[in-house]
Amino acid sequence: FFKGSLCICSQFSMIASCGKALAATARAGMRLSSAGGVPSSNTHQFLQAATSQSSSQQQQQQQHNHTQQASDASDEVPQQPPGVHVVPFPQLSPPMHTGRLTKWLKQPGDRVELYDVLFEVDTEELTEELYRVGQFEGTTQLLVESHEEGWLAKHFVEADGKRPLQVGTPVGVLCEEEGQVASLQHYSCPTTNVYDTKQPQVQTLPWQSFLKSGEGKSSNCCMG
């Protein structure tokens, strides 16, 4: 009988200890919740709301960062005005890496019709060295014509026939409307090579070139 009483008393003592521990935990929870001004009965809802709010704030911050990065990138790269074509120093053949701009046939403000010759170039790299014979031997002179209509607004490079230019170098700019000519005098091309895909991409002028056979005339040999 005494043994049974001792076991029962021991069990009641354990239950009482657990109850005290639970009560202490509850009181601690009430103190923590009250410190934040939140009733203890809404602690679970408060934690859920706080987690949801934190996640929403993180998403808003990430969206703000992406927007700011895009804005910074657009600020760094000047936007190309609509209706504007950058005139490149053309790559007339795969072996060609450099050449010289020898003569402009159109000046800033001039009207450019379809197939008008814009400028002359010369190069020693038109063909592979093995095939540099006949009319392709030594320096080859070519005419570059426009495949767009508009007005030539600006020269980026003057024709001196001496300075070697990398293919893809912007040499001028052509616009669709005559009224754009004045505003493009301060236009700066955002790339140094229109063929370099790592640089900002711009709208370039479509062109074609021919071997030169005389002053202002072209041969029947089309090069590009």
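Quick housekeeping. This is a predicted model, where local features need pLDDT of at least 70, side-chain atom pairs count only at pLDDT 80 or more, and totals for chains, interfaces and linings use all residues. Residues are numbered from 1 along each chain as its sequence is written, and side-chain values use heavy atoms, leaving out hydrogens and water.

Back to the rings. W104 and F119 have ring centres 5.2 Å apart and planes at 65°, so that pair is edge-to-face. W104 sits in strand 2 (residues 98-104) and F119 in strand 4 (residues 117-123), 15 residues apart; strands here are DSSP runs of E, at least two residues, and helices are runs of H or I, at least four, both numbered from the N terminus. W104 and F119 are buried, meaning under 20% relative accessible area, where exposed is over 50% and partly exposed is in between (1.4 Å probe, protein chains only).

Then there's F156 with Y187: centres 6.4 Å apart, planes at 40°, so this pair is tilted. F156 is in the loop between strand 6 and strand 7, while Y187 is in the loop between helix 3 (180-183) and strand 9 (207-214), 31 residues apart. F156 is partly exposed at 26%, whereas Y187 is buried at 9%.

What about R163? R163 is also in the loop between strand 6 (150-155) and strand 7 (165-166), and is partly exposed, at 43% relative accessible area.

Notes. Rings of Phe, Tyr and Trp (its six-membered ring) pair if their centres lie within 6.5 Å; planes under 30 degrees apart count as stacked, over 60 as edge-to-face and the rest as tilted.
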